[in-house]
Every structure is written in structure tokens, then in C-alpha cells.
Amino acid sequence: MKSTINNTVAFVKEKLEGAEAGHDWFHIERVWKLAAKIAETEDCNKEVVELSALLHDIADPKFHNGDETIAPQISRAFLEEQGVSEEIIRKVLFVIENISFKNRDQAPENPPIELQIVQDADRIDAIGAIGIARTFNFGGFKNNLMYHPDMKPKLGMSKEEYKKSNGTTINHFYEKLLLLKDMMNTKKGKEMAEERHQYMMNFLDQFYKEWNVD
């Protein structure tokens, strides 16, 4: 298992070289470490958790015209090359295909614990100080406004609306980031999300004070 993980790390680092900074190797590395930490508290297949965490953003649809088939294809080809069993490959691909926030309305009932763990890890990296930094980086990448007092958040967007959304970065907090705390699956994930959620709330308070020159 260790050599497969090491090979996967090398593969992902190479594949994501030059990626947008919120979805680069360092994001993957943090999610991998977070997933491993959560996995210690759950009865799970750690190989599936680690491989899924490492490969979950190998071809993020946001950067591939919304195509959600590329990541599973790349992941399957790589894992087959590594001689990973078909059973493990299927489990890893299931995580990759179901991890996304935008697919939450199509979430499987009774998801496997490995999906729950990696999903929590990915969502934890989307909140707190790191989450704030990633959100503003991506907003800048898309040339979105930071904030506009007359542009209100769009709550309850459909998957297609969410994919096409070019709202302000501050609105993204209300459309996604502030919702994640209550979407955590695992006990450890819920605990880790609390502090980060509060940090974002404090940031927003300070942001509005400065914006309004209070």
C-alpha cells in the first residue's frame, strides 16, 4: 500500500503543477492529512480513504468545462497501472464521483464511511482561514467582485445554476461555506468544523465593519 500511496503522491504533484492555488497540490495534501486524521477515529478502509483524498481533484470539473467524467477516467487508468484491485478502484471512483458540494442533491443514501471521511476533509479545507484564502483566490482567478451591497446571495441554487454562478466572493460564504459546518458526516469532522466556522463568522463581521468604514 505504501508504494502505491507514494506513487499516487508523485502522480498528483506532477498532474497539478501550475494549478489554481485553491485547487493545487497543497490543497490535496491538506485534504489527505485531514482525511487520515478523521480515518483514525472511524472503522474504514484507509487505503480507499488515502487514494480517494489524493485523487479527488485530479481533474476538477470547474477547470474542464464542467466535465465530471475526466477525473474518474484519469484515476481508473492510473490505479490500474499501479495494480490496484478492481474492488478498491470502484470504491475510490465512487468517492470521487460523489464528493462534490454541487452534487449534494444527488447524494447516495447511506454513503460509505470512506466517502463521508474524504468529503468531510475536503469541506473542512473549504472553511476557516484556509477557506477564506482559497475563496478570495478563486474569486480573483475568475475576476469576480469581492462584494457588492446590492448583490444578494442566491440560496438553494440548482446544480446548473451553481456551476454557472459568477456572484461575489462574499456571497459565496452564504451560498456554500457557512452551510458546510452542518453538513459534516463524522464526529471528528463536526468537531474540526466548529472552530473554522466561527473564524469565518468573525471575519465577515470585521469585513462589513471595514467595508462600511464603521
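A: The largest nonpolar core has 54 residues, with Leu79, Val92 and Phe173 making the most contacts inside it. The model is predicted, so local features need pLDDT of at least 70 and side-chain atom pairs count only at pLDDT 80 or more, while totals for chains, interfaces and linings use all residues. Residues are numbered from 1 along each chain as its sequence is written, and side-chain values use heavy atoms, leaving out hydrogens and water.

Q: Why is this set called a nonpolar core?
A: The term covers buried Ala, Val, Leu, Ile, Met, Phe, Trp, Tyr and Cys residues joined through side-chain atoms within 4.5 Å, where buried means under 20% relative accessible area with a 1.4 Å probe, protein chains only. The 54 residues are therefore a set of this kind.

Q: Which helix gives the most to this core?
A: α2 does, with eight residues; helices are DSSP runs of H or I, at least four residues, numbered from the N terminus.

Q: What makes Phe173 a contact of Met200?
A: Contact means heavy atoms within 4.5 Å. Phe173 touches Met200, and also Ile132, Thr135, Phe136, Leu178, Phe203 and Leu204, not counting residues up to four places away in sequence.

Q: Where do the domain bounds lie?
A: The domain assignment, automatic or from a database, gives domain 1 (1–102) and domain 2 (127–213).

Definitions and conventions:
Buried < 20%, exposed > 50% of the residue type's maximum accessible area, 1.4 Å probe, protein only. Helix = DSSP H or I, 4+ residues; strand = E, 2+ residues; numbered from the N terminus.
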